[in-house]
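Trainee: Could we go through this model together, beginning with the whole chain and then turning to single residues?

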Amino acid sequence: MWRRTPEAIFARHHCNIRPVLRSLVSAVALVVTCQAQAGTPDILHRPAAPVAVTTPYRAVNDDTVSLLTALIAIERDLLLGQLFLHDGMVNAEGSHFTHPRKETIPQIRDALAARGAPDLEPLLIALEEAKDVKAADAAYLAALAGVKRTKEALAPTGQDVLRAVIHSAEEAHAMLDPSGTTGVTAYQEAWGMLMSARGELDALAFSSDPVVKQSAAKMVVAFDGVVLLAPDPAARAAVQFDPAVVAELIATIKGLVDSV
């Protein structure tokens with residue numbers, strides 16, 4: 001049965017889909033367009049093995065890192081919601097646009113308010129209640145811009161962002177079944193978390209801190225080695241994907257950040 005390759009997914013988003021999706025995947029799409037993969041490496045087919053990836057490490061600001069990780073999860077749901085809306089992604093629970101207010105906002109509402117961050121709920125409600133595709137796209141843009149303003153209100157350091165990316169990758173890993181076969185919904189969320197975490201690194205390319213900038217660039221290479229070859233999130237059945245691949249990614253990016 002024909003299925004879209006990861007290269008086709010990313011290239012299509014970069015060339016054809018709306019600018020807001022390109023803002024999340026444009027860097028990945030450019031890599032794919034220039035360096036299309038001829039096949040799937042053996043790393044994706046190795047037997048799954050339990051790997052410990054939650055070794056504690058010091059964050060610059062734990063509260064900020066936790067909030068950034070939650071905001072990355074919201075971006076994940078927004079990305080998946082767009083794929084649900086425009087690409088026919090299957091999800092038994094309906095659009096992912098409803099997930100942020102159900103799953104994430106209740107956990108961070110008070111902390112965001114205490115930090116003086118803008119209220120995201122009105123934007124998310126507007127997105128949930130959009131009556132057609134045009135309205136949903138406009139509400140999506142507004143919600144994504146709101147998340148960006150919220151991040152800015154937290155005033156994270158480059159180190160905070162790097163740590164949040166690691167936390168996000170760890171959350172993605174936890175969603176994958178150790179057997180190597182993950183249900184569609186869990187796989188979609190893991191894939192989306194990796195994609196959104198990867199997107200956080202792009203802004204650090206402009207960091208005034210040369211050490212953070214260099215670490216982010218190396219992390220991008222590590223992420224791209226995984227997300228470019230991950231299975232299509234539009235799968236209709238359980239997905240074969242070895243969680244050890246993500247565990248190795250986590251070990252690599254933690255090593256880069258811990259060496260700073």
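The questions and answers below concern a predicted model.

Trainee: How many helices and strands does the protein chain have, and in which order do the elements run?

Mentor: The protein chain holds ten helices and two strands. Read from the N terminus on, the order of these elements is α-α-α-α-α-α-α-β-α-α-β-α.

Trainee: What percentage of the contacts with a separation of 6 or more is accounted for by residues 24 or more positions apart?

Mentor: The chain has 260 residues, and buried residues make up 50% of them. Among contacts in the protein chain with a separation of 6 or more, the share that comes from residues 24 or more positions apart is 79%.

Trainee: Is Lys151 buried or exposed?

Mentor: Lys151 belongs to helix 6, which spans residues 133-154. Because its relative accessibility is 12%, and the cut-off for this class is under 20%, Lys151 counts as buried.

Trainee: Which residue's side chain does the side chain of Lys151 join in a polar contact of 2.2 Å?

Mentor: Leaving aside residues up to four places away in sequence, Lys151 touches Leu68, Leu71, Glu75, Pro156 and Glu200. Of these residues, the one whose side chain is joined to that of Lys151 by the 2.2 Å polar contact is Glu200.

Trainee: How far apart in space are Thr98 and Glu129, C-alpha to C-alpha?

Mentor: Thr98 sits in the loop between helix 3 (62-86) and helix 4 (99-114), and Thr98 is partly exposed, with a relative accessible area of 22%. Thr98 and Glu129 are separated by 31 residues in sequence, while their C-alpha to C-alpha distance in space is 9.5 Å.

Definitions and conventions:
Residues are numbered from 1 along each chain as its sequence is written. This is a predicted model: local features need pLDDT of at least 70, side-chain atom pairs count only at pLDDT 80 or more; totals for chains, interfaces and linings use all residues. Side-chain values use heavy atoms; hydrogens and water are left out. Helices (H or I, at least four residues) and strands (E, at least two) are DSSP runs, numbered from the N terminus. Buried means under 20% relative accessible area, exposed over 50%, partly exposed in between (1.4 Å probe, protein chains only). Contact means heavy atoms within 4.5 Å. A polar contact is a pair of N or O atoms within 3.5 Å; within protein, one must be able to donate a hydrogen and the other to accept it, and residues adjacent in sequence count only if both atoms are side-chain atoms.
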